[in-house]
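Me: I'm new to this structure and would like to learn how to read it. Could you walk me through it, one feature at a time?

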Amino acid sequence: RRARQTGGRRRCLRARARASAAVAGFDEMCAAPGRRYFMVGGKGGVGKTSLSASLAVRFANAGHATLVVSTDPAHSLSDSLAQDVTGGQPVRVEGTDAPLFALELDPEDAKAEIRQFASADGGKGVNDFMDSVGLGAFTQQLADLKLGELLDTPPPGLDEAMAIAKVVQFVDGGEFSQFDRIVFDTAPTGHTLRMLSLPDFLDATIGKVVRLRQTISGAGNAIKGMFGADTSTPDEAVEKLEGLKKKLKTVSELFRDQDKMEFVIACIPTVMAANESARLMESLKGEGVPVRRVVVNQLLPGGGASTTEAEEALAEAKERGDEKLERVLKGVLKDAKFMATKRKDQERALSIIDDELGSKGGLSVARAQLFDIEIRGVPALQFFGMSVWQ
């Protein structure tokens with residue numbers, strides 16, 4: 001009994017220590033001067049939207065004018081808030097007096113912006129002109145670059161980067177200047193990592209297109225000059241491509257800004273998710289992204305009958321010949337075994353997270369319990385946020 005009491009006291013002390021760290025963690029998130037952007041990311045299905053929305057509610061309740069942004073075409077943020085926040089403009093969140101706004105950006109709009117420099121006729125007129133003046137080889141080089149494929153199917157992460165760039169542009173330009181906390185519900189891990197490598201992709205691919213278009217423009221202007229035509233008109237496509245590169249460079253720099261940005265890793269207590277989160281942490285650190293904490297979501301609550309208790313109760317029911325109680329207790333035992341197995345799996349995953357991301361990675365580890373109700377609407381998000389972002 002004394003050993004069990006000692007073990008219980010140790011667990012209580014560990015729980016208190018975790019709670020104290022969590023309190024310091026949210027206070028630090030609120031008080032950090034200049035830290036304006038928070039991005040919640042991780043693999044799919046770990047509850048990123050609920051965690052993002054609850055963090056935004058928490059910030060707003062703490063007095064920060066907050067905007068929560070999602071680029072998910074499934075409109076998960078609207079579902080989480082139980083309110084339509086689509087339309088491309090910040091919407092005041094209902095159900096709270098706190099300064100909370102939400103915005104869902106459609107990635108398809110970003111893709112349309114990527115394609116906007118392409119001519120309506122697919123470049124056929126340009127090809128015909130270039131052939132007529134003996135510069136058809138240049139257009140063949142353009143075809144070899146497969147620019148059309150780039151426009152029709154942008155690489156993963158490009159549309160989201162454009163959407164994030166749009167919000168940053170609005171903030172820096174004053175349109176969203178009233179917000180001092182902006183929380184992004186980001187795409188799954190793979191998209192996030194690809195987004196970080198997009199500037200290199202653009203330098204390797206779109207950069208070639210820019211240089212080639214400039215070469216073509218120069219040759220075409222020389223021919224126009226022979227006939228006295230105006231050659232001062234800038235190449236609009238090149239300008240738009242350069243603008244695209246500039247926008248994505250802004251996002252890339254923001255992701256690596258140690259003062260303005262924080263990336264929060266969201267995961268669930270499974271070994272696969274723990275290992276993926278550890279790899280994500282290493283990739284983010286390798287890219288210079290400020291990542292300071294990880295939230296382990298969907299932890300099973302304590303309580304309930306243990307396997308031993310259920311087995312002992314079932315044995316007593318059999319001895320008494322109580323068949324009705326025996327049937328009930330068989331179900332209880334089955335559930336107890338299932339929960340015991342799940343808890344062992346979660347404990348194994350938590351051990352990996354505490355070791356790889358906590359002790360070795362230096363991240364603050366927060367825990368979020370799995371609740372028996374759906375976290376939807378401001379009241380539920382407020383309750384959830386108080387338990388996670390303490």
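Me: Let's begin inside. Which residues touch the most other members of the largest nonpolar core?

Reply: One thing before that: this is a predicted model. The general idea is that in soluble globular proteins, nonpolar side chains tend to be buried together. Here the largest nonpolar core has 43 residues, and Val167, Ile182, Phe255, Phe263 and Ile265 touch the most other members. Helix α8 (residues 158-173) gives the largest share of this core, 7 residues. There is also a second, separate core of 36 residues, with Val93, Leu100, Ala368 and Leu381 among its members.

Me: What does phenylalanine 263 contact, leaving aside its neighbours within four places in sequence?

Reply: With those neighbours set aside, phenylalanine 263 is in contact with Met39, Gly41, Thr192, Phe255, Leu280, Leu284, Val289, Pro290, Val291, Arg292 and Arg293.

Me: Arginine 293 is on that list. Which side chain does arginine 293 meet in a salt bridge?

Reply: To read a salt bridge, look for a side-chain nitrogen of Lys or Arg within 4 Å of a carboxyl oxygen of Asp or Glu. The structure holds 11 salt bridges. In one of them, arginine 293 meets glutamate 262, at 2.4 Å from N to O. Arginine 293 belongs to strand β7 (residues 291-299) and glutamate 262 to strand β6 (residues 261-267), so this pair ties together parts 31 residues apart in sequence.

Me: Are arginine 293 and glutamate 262 buried or exposed?

Reply: Both of them are buried.

Me: Which parts of the chain does the pair of aspartate 354 and arginine 367 link?

Reply: That pair is a salt bridge too, with its closest N and O atoms 2.9 Å apart. The pair links distant parts of the chain: aspartate 354 sits in helix α15 (residues 323-359) and arginine 367 in strand β8 (residues 364-369), 13 residues apart. Aspartate 354 has a relative accessible area of 30%, so it is partly exposed.

Me: How exposed are aspartate 355 and lysine 360?

Reply: Aspartate 355 counts as partly exposed, because its relative accessibility is 31%. Lysine 360, with a relative accessible area of 58%, is exposed. The side chains of these two meet in a salt bridge as well, at 3.6 Å from N to O.

Me: Which residues do salt bridges that share partners join into one network?

Reply: Glu28, Arg35, Glu262, Arg292 and Arg293 are joined that way.

Me: Now for two helices together. At roughly what angle do the axes of α2 and α16 cross?

Reply: When reading a helix pair, check the crossing angle and then the residues that meet. The axes of helix α2 (residues 48-61) and helix α16 (residues 378-388) come within 8 Å and cross at roughly 85 degrees. The two helices are therefore roughly perpendicular to each other. On the α2 side, Ser50, Leu51, Ala53, Ser54, Val57, Arg58 and Asn61 meet Leu381, Gln382, Phe384, Gly385, Met386 and Val388 of α16. The residues of this contact divide into 7 nonpolar, 5 polar and 1 charged.

Me: Last one: the backbone. Where is alanine 82 found?

Reply: Alanine 82 is in the loop between α3 (76-81) and β3 (91-92). Its phi is near 55 degrees, a positive value in a residue other than glycine. Alanine 82 is partly exposed, with a relative accessible area of 41%. Glutamine 298 has a positive phi too, near 70 degrees, but glutamine 298 lies in strand β7. With a relative accessible area of 29%, glutamine 298 is partly exposed.

Technical notes
Residues numbered from 1 in each chain as written. Predicted model: local features only at pLDDT ≥ 70, side-chain atom pairs only at ≥ 80, totals over all residues. Heavy atoms only, no water. Axes fitted to C-alpha atoms, helices over the stretch in contact; angles between N-to-C directions. Helix = DSSP H or I, 4+ residues; strand = E, 2+ residues; numbered from the N terminus. Parallel < 35°, antiparallel > 145°, perpendicular 65-115°, else oblique. Contact = heavy atoms within 4.5 Å. Nonpolar A, V, L, I, M, F, W, Y, C, P; charged D, E, K, R; others polar. Buried < 20%, exposed > 50% of the residue type's maximum accessible area, 1.4 Å probe, protein only. Core = buried A, V, L, I, M, F, W, Y, C linked by side-chain atoms within 4.5 Å.
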